[in-house]
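User: I would like to go through this structure with you. Could we begin at the surface and then work inward?

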Amino acid sequence: MGSRFPSHQLSSGLYVSGRPEQQKEKTPTMSSAAMPYTGGDIKKSGELGKMFVTPMDGSRSRKSGPINNAPLRTGSFSSVTSHSGQLNSVNHMTTSGGPGYVSTKKTNSGPLNKHGEPMKKSSGPQAGGGTVSSCQNSGPIAPILPTTGLITSGPLNPAGAPRKVSGRLDSTGSIKLQNYSVVNNQAITRLNKCEEYSFRKSFPKTILWSIILLFLMGFIAGGFILGAVHNPILLVVVVVLFAIVSVVFTWNTYYGRKAIAGFISLYPDAELRTAKNGQFVKVSGVVTCGNVPLESSFQKVSRCVYTVASLYEYRGWYSKTANPDHRRFTWGLRALERHVSDFYISDFQSGLRALVKTGYGARVTPYVEESIVVDIDQSNRDMSPEFVRWLAERNLSSDDRIMRLKEGYIKEGSTVSVMGVVQRNDNVLMIVPPEEPFSTGCQWTKCILPASLEGIILRCEDSSKIDVIPV
């Protein structure tokens with residue numbers, strides 16, 4: 001056209017004013033379907049997979065092997081995928097622009113061979129100069145779980161199940177596990193020899209040393225007067241007083257424990273229904289186990305709230321000592337095991353049930369009678385294999401010593417007496433250890449000096465000789 005205004009003709013034959021539009025190179029656009037579920041597989045994660053060390057080549061790759069035999073691997077991109085039969089999921093990603101296009105096809109479909117691996121497939125080049133690459137997976141390489149789907153601790157074997165230890169667990173191994181659990185259980189209080197009553201420990205040290213000093217001064221003065229004026233009266237008086245004090249101390253040392261047990265038996269019982277909060281009481285009734293029942297170490301008596309086992313040795317003239325304080329021609333304590341846990345007691349007076357807090361390291365003073373279980377000497381050493389095994393479990397030697405094993409326990413259903421402080425907390429009735437030691441006072445009729453008892457006082461006769469009430 002001859003107009004001075006530029007014009008051009010469209011493809012439809014229509015003339016329009018203006019210069020024709022310059023052909024602009026189209027920006028490559030990407031069109032794809034919804035992003036597929038990769039299952040944590042790096043090679044199926046596209047651009048994200050290039051950030052990892054795994055090479056993203058365009059050649060055919062195959063991850064083979066059944067899921068149950070896959071090696072154990074860990075990673076932040078891991079998952080578990082289960083395939084059954086033929087898998088049909090096709091993902092397409094097409095890039096257009098330039099002289100040709102590139103089409104990447106990933107598929108998980110196709111039959112599996114007899115080993116559970118996908119069949120190999122090959123495809124030729126497509127028209128248009130495009131390049132086709134095929135990646136076929138039978139499942140991601142990821143950590144595997146047991147068939148039950150339960151996540152447990154410990155490593156897995158190649159079949160996906162936790163490793164098992166073959167063979168049976170003998171009695172020694174089971175007892176060692178039980179002893180380990182008893183020692184490491186915080187709900188069980190382990191008592192040592194220091195917890196029981198001793199006259200030497202309960203008597204005040206200041207008074208004891210004062211008495212010793214007075215007698216020493218009396219002996220010095222009596223000896224001086226006897227040498228100076230030949231008058232033995234003061235020395236005789238000091239000797240008589242010393243003999244009386246020595247007899248009283250000896251009596252309390254050897255008879256004091258039995259006298260304290262008698263004092264506990266004669267102490268009046270209180271009724272829990274009328275007991276006030278913080279009141280020191282004595283409660284007698286039937287016991288039942290708490291959350292952690294115990295078992296005696298030698299006789300294997302179950303459902304106990306208190307157990308004790310004591311090993312004694314007799315020392316002759318040439319025998320070995322059981323402990324540093326063991327004297328000749330006496331029985332000495334070589335090993336002691338005492339355990340106690342929380343339990344319940346049903347009061348005889350009111351019928352109420354209270355929780356006795358003797359576990360978790362509480363202070364307890366037990367007065368539980370023990371019975372002789374085994375007496376071992378040279379004649380019957382080989383007649384008790386259970387006793388030999390009991391010694392071996394505790395790494396104690398079984399040489400030519402004369403030994404005696406005593407055991408005691410409080411079984412569920414036994415009748416006991418408990419002394420402690422009443423505590424009421426949210427309608428829960430408990431008996432807890434007192435903050436201050438309990439003094440028995442002087443028992444003049446029995447020539448027993450005052451004794452201090454700490455913690456909860458637990459009194460029970462020999463459970464093997466009394467009837468147990470079923471509970």
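User: Is I233 buried or exposed?

Analyst: This is a predicted model, and in it I233 is exposed, with a relative accessible area of 57%. The residue is found in helix α4, which covers residues 233–266.

User: Which residues form the nonpolar patch on the surface?

Analyst: The patch is formed by I233, V236, V237, V240, L241 and I244. Together they have about 530 Å² of accessible area.

User: And which residues gather in the patch of positive charge?

Analyst: Those are K193, R200, K201, K205 and R327. R327 is placed in the loop between β10 (304–315) and β11 (330–341). R327 counts as exposed because its relative accessible area is 51% and the threshold is over 50%.

User: Let us step back to the whole chain. How many helices and strands does it have?

Analyst: The secondary structure comes to 5 helices and 21 strands. Of the 471 residues, 34% count as buried. The chain exposes about 30,100 Å², and carbon and sulfur atoms supply 57% of that area.

User: What share of the contacts with a separation of 6 or more comes from residues 24 or more positions apart?

Analyst: Such residues account for 65% of those contacts.

User: Turning to F215, where is it, and what does it contact?

Analyst: F215 sits in helix α3, residues 205–229. With 14% relative accessibility, F215 counts as buried. Beyond its neighbours within four places in sequence, F215 is in contact with V238, L241, F242 and V245.

User: How far apart are F215 and F242?

Analyst: Their C-alpha atoms are 7.0 Å apart in space, and the two residues are 27 apart in sequence.

User: What about T358: buried or exposed?

Analyst: T358 is buried, with a relative accessible area of 0%. T358 lies in the loop between β13 (353–356) and β14 (364–368). Leaving aside neighbours within four places in sequence, its contacts are T189, V340, S341, D342, F343, V364 and I456. For F343, 15 residues away along the chain, the C-alpha separation from T358 is 7.6 Å.

User: Now the charged pairs. How many salt bridges does the structure hold?

Analyst: The structure holds 10 salt bridges. One of them joins the side chains of K282 and D269, at 3.4 Å from N to O. K282 lies in strand β9 (residues 280–289) and D269 in the loop between α4 and β9, so this pair ties together parts 13 residues apart in sequence. K282 is buried at 3% relative accessible area, whereas D269 counts as partly exposed at 36%.

User: Which residue forms a salt bridge with E313?

Analyst: E313 pairs with R334, and the closest N and O atoms are 2.4 Å apart. E313 is in strand β10 and R334 in strand β11, so the bridge ties together parts 21 residues apart in sequence. E313 is buried, with a relative accessible area of 1%.

User: Which residues are linked with E313 in a network of salt bridges?

Analyst: The network links E313 with R334 and R401.

Definitions and conventions: Residues are numbered from 1 along each chain as its sequence is written. This is a predicted model: local features need pLDDT of at least 70, side-chain atom pairs count only at pLDDT 80 or more; totals for chains, interfaces and linings use all residues. Side-chain values use heavy atoms; hydrogens and water are left out. Patches are made of residues with over 30% relative accessible area and no salt bridge: like charges are joined within 9 Å, nonpolar side chains (Val, Leu, Ile, Met, Phe, Trp, Tyr) within 5 Å. Accessible areas come from the Shrake-Rupley method with a 1.4 Å probe; for residues, only the protein chains shown count as cover. A salt bridge is a side-chain nitrogen of Lys or Arg within 4 Å of a carboxyl oxygen of Asp or Glu. Lys and Arg count as positive and Asp and Glu as negative; His and the chain ends are not counted. The place of a charge is taken as NZ of Lys, CZ of Arg, CG of Asp or CD of Glu. Helices (H or I, at least four residues) and strands (E, at least two) are DSSP runs, numbered from the N terminus. Buried means under 20% relative accessible area, exposed over 50%, partly exposed in between (1.4 Å probe, protein chains only). Contact means heavy atoms within 4.5 Å.
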